Amino acid sequence: MHSAGKTLLALTLCFFSLFFSCRSAWAIQEPTLYAEAAILIDAATGQVLYEKNSRRQMPPASLTKILTCLLAMEEGNAGDLVAIPQEATQLMPGSAAIGLVPGEVHTMGDLLYAMMLPSANDAAAAVAIHLGGSVSGFAHRMNQRVAELGLTGSCFRNPHGLPVRDHYATAYDLAQITRQALAYPEFLDYAGASSHVIPAGPRHRGYSFQHLNRTLRRNSEFYDPRAVAGKTGWTDEAGNCLMTVGEQDGLRLIAILLRDDSEEVGGAAYRDTRALFDYGFSAFRPVTAPLSAGAVVFAMEEENGVVEYQLSPQSRKVTFLLPRETEDPQNLTPELSDDPERISAAQGSFWGEAVLRDEAGREILTAARLPLEGHRLTAAEWGPGRMVYLLEREERSSRGDVPLALGGSTLAVALLAFLNRQKRREAAEKESFWAELDRREGDIFARIKEEEGLL
């Protein structure tokens, strides 16, 4: 090869090497975590930005208290007076508590601070008994609320997370519960204050405590100025668990870590949280776009048969976080997913997911988790199965607004209607046959009587 050709080849290789090294530098890599399970979501929409074993059912330890706090904000008031019952102070030896005394009276707000900052199990039990009548009664309400949120991977047996059989949660569910709690501005106080003091009063002694989440404590090596709220959790069975809410440049993210322990590295959960925030705040940009038109028909088995609902998002726009290196958002369209696995229903509430697709219809990412609204369509008997999904998705032909195909819902309804018509037709034919037979028998008897009269 001539020297000029060699020089050109070398320059070309150098260019491509520089180009691809720049491209790899632009592309932000997902973090590698110590945690067994983890998730990072956008608090505004529930969009998942990162996940690792996020649907694995695991003991949540004191992250359970996030749900307890949510129910307390929804069903109580900060100024409500709560008498401390004996049962609330009878906890496992060595479990976290602030030492509440039976007969003391505290405000609900002070108990929520005690529950969220130093993770006081006695405060959580007192709140639960006050709201639910008993720990078991409150646990029943916890599971009802989770079902109302369309979350299916968790089961709660107590309000604090101390070890008990069949008490588990997923990182995904805990993130969505935290997202719901953030709808209440006071949650940032209960879960975000660095410390709190309960002054002594006529019906209780004084208490003072700090937040255990070290991302919120300025004197900690793990302090993160982006952190605005958090919750710690630990048991022998669950290991280290951590929830942290972070804010930067108008974005609010929720990080959940379960069983985050490392023999080689101290503070693994805090290091993982920082890595998740570094990734989430730098790798994504917010984009708002209208949802594409169309509705989903969702059918589920109820007491009176299969009931169909036509569902659509409550909001016609969705703000999603787009990876910075992704193509122009003008070429992307968010739409309500018609995948039955992405639609949930419980207690009269429906939830679905918006997905982002490119011009070719390929799914780019799950854009948001949305509350759905709709109305009941039909009810009909249908098979022995426990759950039936029937979907209808509107599709357009290239020649205009002519439907190309009918979804499973329409076909099923048409089939049921056809079978009903067949049954009615058969019944009518049988009725006509017997009526005709009766008429002929009547004619025969009339002739016999007439002939007998002539004899």
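Predicted model: local features only at pLDDT ≥ 70, side-chain atom pairs only at ≥ 80, totals over all residues.

In the largest nonpolar core, which has 65 residues, Ile-177, Phe-187, Ile-256 and Leu-258 touch the most other members. A nonpolar core here is a set of buried Ala, Val, Leu, Ile, Met, Phe, Trp, Tyr and Cys residues joined through side-chain atoms within 4.5 Å. Buried denotes under 20% relative accessible area, exposed over 50%, and partly exposed in between, with a 1.4 Å probe and protein chains only. Apart from this core lies another of 23 residues, including Leu-291, Phe-298, Ile-343 and Ala-354.

Residues are numbered from 1 along each chain as its sequence is written, and side-chain values use heavy atoms, with hydrogens and water left out.

Which residues does Leu-258 contact, leaving aside its neighbours within four places in sequence? With contact defined as heavy atoms within 4.5 Å, the partners of Leu-258 include Ala-35, Met-58, Leu-63, Leu-174 and Cys-241.

I now turn to secondary structure. Helices (H or I, at least four residues) and strands (E, at least two) are DSSP runs, numbered from the N terminus. Helix 3, residues 108-116, is largely enclosed by the rest of the structure, because nine of its nine residues are buried. Among them are Asp-110, Leu-111, Tyr-113 and Met-116.

Helix 8 covers residues 268-283, and its end C-alpha atoms are 22 Å apart. This agrees with the 22 Å that its 16 residues should span at 1.5 Å a residue, the expected span being 1.5 Å times one less than the number of residues. The buried residues of helix 8 include Tyr-270, Asp-272, Phe-277 and Phe-281.

Strand 13, residues 317-323, is mostly covered, with five of its seven residues buried. Strand 10, residues 284-290, pairs with strand 13 in the antiparallel sense over seven bridges; two strands pair if DSSP finds at least two bridges between them. Within this pairing, Pro-286 has Leu-321 as its bridge partner.

The next topic is electrostatics. How many salt bridges does a search of the whole structure find? The count is 13, a salt bridge being a side-chain nitrogen of Lys or Arg within 4 Å of a carboxyl oxygen of Asp or Glu. One network of salt bridges links Glu-74, Glu-75, Arg-141, Arg-145 and Glu-148. Arg-145 and Glu-148 are both buried, and the relative accessible area of Glu-148 is 18%. Arg-145 and Glu-148 are three residues apart in helix 5, residues 135-148, so about one helical turn separates them. An α-helix has 3.6 residues a turn, so residues three or four places apart point the same way.

A further salt bridge joins Glu-247 and Arg-252, whose closest N and O atoms are 2.5 Å apart. Glu-247 is partly exposed at 31% relative accessibility, as is Arg-252 at 25%.

Finally, I come to backbone torsions. Asp-166, although not a glycine, has a positive phi of about 60 degrees. Asp-166 lies in the loop between helix 5 and helix 6 and is partly exposed, at 41%. Arg-259 also has a positive phi, near 45 degrees, and its place is in the loop between strand 9 and helix 8.
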